[in-house]
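Thanks for asking me to look over this model with you.

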Amino acid sequence: MNTSQHIRISRQHRTTLRWIVAITTVTLVFDGYDLVVYGTVVPDFLRDPSQIGHLSVAQAGALGSYALMGVMVGALIAGAVGDHIGRRRIMIAGIIWFSVAMGLSSFATSITVFGVLRFFTGIGVGALVATAAAMIAEFAPPHRRNVYNAIVYSGVPVGGVLAAVMALLTSGGDSSWRTLFLFGAAPLVVLLPVTLLRLPESPKWLLARGHTERAHQLSERTGVPLGESTRAAEDKKVGFAALASRRYALPTVLLGLMSCSGLLLTYALNTWLPEIMGQSGFGKSYALVFLLALNGGAIIGGVLASRAADRTGPQRVITSTFVLAAVSLTLLALGLPRGALLALVAVAGIGTIGTQVLVYGFVANYYDTQARAAGVAWCAGFGRLGGIGGPLVGGVLMSAGISPHHAFYAFAGVAVLGALVTLFVPRQSTEEYAVSDSIPGRTSADAAGVLACEPPR
């Protein structure tokens, strides 16, 4: 019998985990919705100055980056305080902040006001993205973390699909974009109440912060084992201070660059793909279908790739998906038939958005409890420099008068860079410690062996 079959989680833990996964997934659905919804309205803004004012292509790219600047700020703030005040508080504050800012954006009547509100929306998104991976890393069983993380972060491309579908359903009205942004405020009424009732604090975080009695009480109530207590006690540094330690300094830089590459590709394609395909002769509706293919491919491919990551490790899989992105983006520039283009866009979704799903899981499991929120926040925040650059680079290329397809070559180069950076990340992970602690009588070496040979169930 495979030793991995002895790894079991209690009914309480399973129930708790289901609520955690459901809440964080829906949260990231709206993160993905916010990511893509702007790309769906860019063509309307460019062609109709009566909406928020006369907008050039370069200005549209800059506007798309404002939300990403906010995401960077929000992620870094969450990382600075998340390892000190807890995961639950950050999640609740992020949902409220995001929903209010998204709703207010629907009433904007000028470029300036719209840009400011996009920035504030991004702050809430950044806090949520940075905290979701930390929640999954501390509640999910170690041998299934990549799969659960992929399920949660697949909420981002699901939100992208939702935005594209909503754009198709509401197209035709003079102010249909306002309805799209108002819909983004829905978490305030449908998600926040559930979060307040069902989202617990992390027992591992409580233990790491010295709240021993509360940690054990919550562990008994939720069924979540306190598996990282030894390592947490040994490591005195918390949050960003831990990232600067000898143990984490180099990996943190490389993981940040890896995330930066993935997010540049994700935001560039989601912002400019409809416009690129529109300029290539496809109508607005069909251009949005390419957006559906991009995010649909990411959903399916991200989950499948995460199963491979649980078997062979995420680093190898992420390198492969970056290469997959480079190949598919290069082929997209060749002007192939419509069916082939749709298939390549779906594959590009796996290698770009799907890759970023794996990146967050890799990062969250790379750090221990004391530095986990800061580590994910760093990668989400620093990575947003790539996200900010994505719309800007696309805007510059589009406004330069060159063929839109040449943008795909530039994006393919970024994918190659991401693959190279990923290869050089030191093979160090706290996952083995978590597994050994969760299985009585098993050493870290034994647990690492279980991880190496266990097929995903």
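Predicted model: local features only at pLDDT ≥ 70, side-chain atom pairs only at ≥ 80, totals over all residues.

1. Let us start with Asp34, which sits in helix α1, spanning residues 11-47. Is Asp34 buried or exposed? Its relative accessibility is 4%, under the 20% cut-off, so Asp34 counts as buried.

2. Which side chain does Asp34 meet in a polar contact? The partner is the side chain of Arg118, at 2.5 Å. Beyond four places in sequence, Asp34 touches Phe98, Met102, Thr121 and Val125 as well as Arg118.

3. Next comes Leu263, found in helix α14, which covers residues 249-279. With a relative accessible area of 3%, Leu263 is buried too.

4. Setting aside neighbours within four places in sequence, its contacts include Gln356, Tyr360, Cys379 and Arg384. Gly383, Gly386 and Gly387 are also among the contacts of Leu263, as is Ala380. The C-alpha atom of Leu263 lies 9.1 Å from that of Gly389, although 126 residues separate the two along the chain.

5. Finally, how do the two helices meet? The axes of α1 and α14 come within 8 Å and cross at roughly 35°, and the crossing is right-handed. On the α1 side, the contact includes Leu35, Val36, Tyr38 and Arg47, while α14 contributes residues including Thr266, Tyr267, Trp272 and Glu275. By class, this contact has 9 nonpolar, 4 polar and 2 charged residues.

Terms used:
Residues numbered from 1 in each chain as written. Heavy atoms only, no water. Helix = DSSP H or I, 4+ residues; strand = E, 2+ residues; numbered from the N terminus. Buried < 20%, exposed > 50% of the residue type's maximum accessible area, 1.4 Å probe, protein only. Contact = heavy atoms within 4.5 Å. Polar contact = N/O pair within 3.5 Å; in protein donor to acceptor, adjacent residues only side chain to side chain. Axes fitted to C-alpha atoms, helices over the stretch in contact; angles between N-to-C directions. Left-handed = near helix turned anticlockwise from the far one by under 90°. Nonpolar A, V, L, I, M, F, W, Y, C, P; charged D, E, K, R; others polar.
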